[in-house]
Amino acid sequence: MDNPTTIATGIKSKKKITKNRMRFHKWRESLTGYVFIAPMIIGSSILILYPIIASFVLSLTDWNFVSGIEGANFVGLENFITLFKDSIFLKGLTHNVILLLVLPIGLFLSLFLAVVINKKVYFKDTFKIIYFLPYISSTVAIALVFQVLFHPTEGPINQILMTMGIENPPQWIADVHWALPSVMIIIIWTQIGFQLLLYMAALQNIPKELYEAAEIDGASSWYQFRKITVPLVTPTTFLLLVQGIVHTFKVFDLIKVLTNGGPSNSTTVPVHYLYQQAFEELKTGYASAISVILFIILIIVTIFQWVGQKKWVNY
Amino acid sequence: MEQALKKVDTSKLITTIIMGICGIIFLLPFIWMVSASFKLEEDVLTFPIEWIPSTWNAIENYSNVWLGDKPFSLLYWNSIKVSVLTTITSVSVSCIAAYAFSKINFKGRDFLFLLMLATYMIPPQAIVVPQYLLYSWAGLIDSHLGLILLNSFSAFGTFMLRQFFMGINDEVIESAKMDGAGHFRTFFSIALPLVRPAIATYAILRFIWTWNDYQNPLIFLRSESLYTIQIGIQQFADAHGSIYSLMMAATVSAIVPLLIVFIIGQKQVIEGISMGSVKG
């Protein structure tokens with residue numbers, strides 16, 4: 001009987017079947033999704049997320065690792081208060097901030113090199129490889145090599161400087177004032193390759209017409225660099241800046257092997273201090289407090305990136 | 001016209017030569033390192049620098065490193081084992097996750113992606129203490145398995161591969177679905193082959209980073225027989241502190257495999273990084 005009600009019910013039930021089928025498919029789709037991401041999510045939850053939370057908890061205790069978990073006492077923010085009066089930690093923080101100087105220097109050099117290699121030389125690919133080599137080398141190996149190169153009296157660098165007439169070359173890593181700059185030089189040297197590559201990719205995206213127009217208007221190369229190149233690679237500059245900041249706060253291997261924080265704590269950084277406190281002094285609670293501070297600093301940097309990206313970057 | 005062309009060529013040539021010289025200066029530490037590893041100890045620090053050693057001591061130096069008191073071949077093997085296994089695991093885990101995050105629509109996808117991304121924002125040193133405790137409890141300290149797991153779940157791989165998967169036209173996936181293929185089949189036969197260069201790039205990077213990892217083996221390994229090459233050269237340096245020629249032979253040995261892997265795969269890595277950054 002095909003009266004309107006049955007037709008309507010017919011259509012309604014058909015719709016319901018289709019809806020249910022869709023729902024089933026969606027569910028199946030979700031399930032597939034979960035299966036695919038499961039290893040990654042489970043792995044990173046156990047190995048990274050959980051430790052992050054644990055770090056926060058530990059930072060509120062005075063646990064010293066050797067005494068069992070029962071020996072841990074909840075001390076609230078005491079670790080943090082001590083931390084902010086800890087001269088070594090504060091020194092480390094200052095050093096880290098100074099380390100940030102490698103960024104403007106390094107980025108400028110990389111951009112300059114990128115511009116030159118991009119248009120003005122032959123054998124582009126070979127140069128890319130040359131400048132990238134330090135980036136892929138093991139930090140330990142590099143630290144060991146530079147230990148010798150930087151040797152105050154017998155190292156090749158000072159030998160060369162002395163032949164050039166400089167009588168008292170810097171003592172590099174043996175000198176409290178020069179140790180940190182030595183570290184900075186090495187950091188710049190290793191990071192240039194990576195920054196260079198990213199800049200070269202960005203340069204490919206700048207329309208040639210802009211340069212041609214400027215050329216016609218009689219703009220000098222330096223002017224073109226300032227007014228066209230620099231503004232148009234700001235997305236990359238920004239990306240590298242933020243990654244660079246995060247990277248400088250993570251520099252551990254280099255300092256551990258090259259100077260181990262010395263001489264007299266002139267190259268200590270929070271990350272290195274953390275290692276010391278956790279694994280040499282066995283003050284787990286205190287070390288965790290350092291972790292929390294580092295984490296907070298980097299989150300702030302990341303937020304800064306998110307916000308700043310909208311304000312300062314030209315797309 | 002001819003003149004203008006000629007002019008460009010000359011200045012390009014000159015710049016190339018200058019850059020070439022800069023390039024060599026830039027690589028001087030490496031060149032010095034290799035050269036020192038071939039020398040007699042007393043010649044290492046002679047000045048002016050003898051770039052090509054007058055007396056070749058290469059065989060003695062390298063045998064000392066490889067056949068001496070530190071079991072270098074074992075350390076090498078450990079590094080290769082850990083790096084290869086970590087790379088395989090990480091690539092596999094990241095690939096399927098990346099595909100899902102880009103091509104599968106599931107509930108909570110964006111939230112979970114951000115959560116996973118957050119794990120990338122943490123400096124490893126900040127969580128190393130609880131990780132150590134976790135590993136202690138799970139009996140994973142002093143094991144290669146533990147070491148492999150540590151670096152296998154990096155969000156970077158997932159993030160990077162997702163960018164490339166997103167580049168695959170949705171229509172391709174749709175038509176596969178029309179033909180009745182489920183996501184598994186689509187992933188293996190269609191999506192995966194399309195992102196092969198990105199996978200190669202990430203695999204090489206992950207291999208290099210794992211090979212160079214110093215902190216994790218330092219903290220999570222105890223037995224000498226499990227040490228990787230990075231710990232090995234640092235200890236070697238401690239033991240033979242002032243014998244520079246030997247130290248340099250050790251460091252060269254540590255870097256060479258990376259150079260080989262890199263030179264073979266360099267086109268991939270450089271393209272991969274450049275492409276990834278432009279897309280981002």
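**Figure 1. The two domains of chain A.** In this predicted model, the C-alpha centres of domain 1 and domain 2 of chain A sit 47 Å apart. Domain 1 covers residues 4-58 and domain 2 covers 100-268, with the bounds taken from an automatic or database domain assignment. Numbering starts from 1 along each chain as its sequence is written, while chains are lettered from A and ligands numbered from 1 in the order in which they are written. As this is a predicted model, local features need pLDDT of at least 70 and side-chain atom pairs count only at pLDDT 80 or more, but totals for chains, interfaces and linings use all residues.

Figure 2. Chain A has 14 helices and zero strands (DSSP runs numbered from the N terminus: H or I of at least four residues for helices, E of at least two for strands). Its C-alpha trace spans about 110 × 75 × 30 Å along the principal axes. Among the 315 residues of chain A, 39% are buried (20 or more other C-beta atoms within 10 Å of a residue's own; 12 or fewer is exposed, in between is partly exposed, and C-beta atoms are placed from the backbone). Of the chain A contacts with a separation of 6 or more, 69% link residues 24 or more positions apart.

**Figure 3. Where chain A meets chain B.** Here 71 residues of chain A are in contact with 68 residues of chain B (contact: C-beta atoms, placed from the backbone, within 7 Å). Helix α1 (residues 4-58) of chain A brings the largest share of chain A's side, 20 residues. That side of chain A splits into 49 nonpolar, 16 polar and six charged residues (nonpolar: Ala, Val, Leu, Ile, Met, Phe, Trp, Tyr, Cys and Pro; charged: Asp, Glu, Lys and Arg; polar: the others, Gly among them). For the complex, the predictor gives an ipTM of 0.76 and a pTM of 0.78.

**Figure 4. The domain contact inside chain B.** Chain B is divided into domain 1 (2-59) and domain 2 (69-279), with 33 Å between their C-alpha centres. Nine residues of domain 1 of chain B are in contact with seven of domain 2 of chain B. On the domain 1 side, α1(B) gives the largest share, four residues. By class, that side holds five nonpolar, two polar and two charged residues.

**Figure 5. Helix α7 of chain B and its cover.** Leu147(B), Ile148(B), Leu149(B), Leu150(B) and Asn151(B) are buried in α7(B). Their cover includes α1 of chain A, plus α4 (72-103), α11 (196-212) and α12 (215-220) of chain B. Within chain B, confidence is highest in α7 (residues 144-151), at a mean of 92, and lowest in α14 (residues 244-279), at 73 (pLDDT is the predictor's confidence in each residue, from 0 to 100).

**Figure 6. Tyr99(B) in the largest nonpolar core.** This core has 149 residues, and Tyr99(B) is one of those that touch the most other members, a group that also includes Leu144(A) and Ile290(A) (a nonpolar core is a set of buried Ala, Val, Leu, Ile, Met, Phe, Trp, Tyr and Cys residues joined through C-beta atoms within 7 Å). The largest share of the core, 14 residues, comes from helix α8 (residues 179-204) of chain A. Leaving out residues up to four places away in sequence, Tyr99(B) touches Phe36(A), Phe165(B), Phe187(B) and Ala191(B).

Terms used: Contact = placed C-beta atoms within 7 Å.
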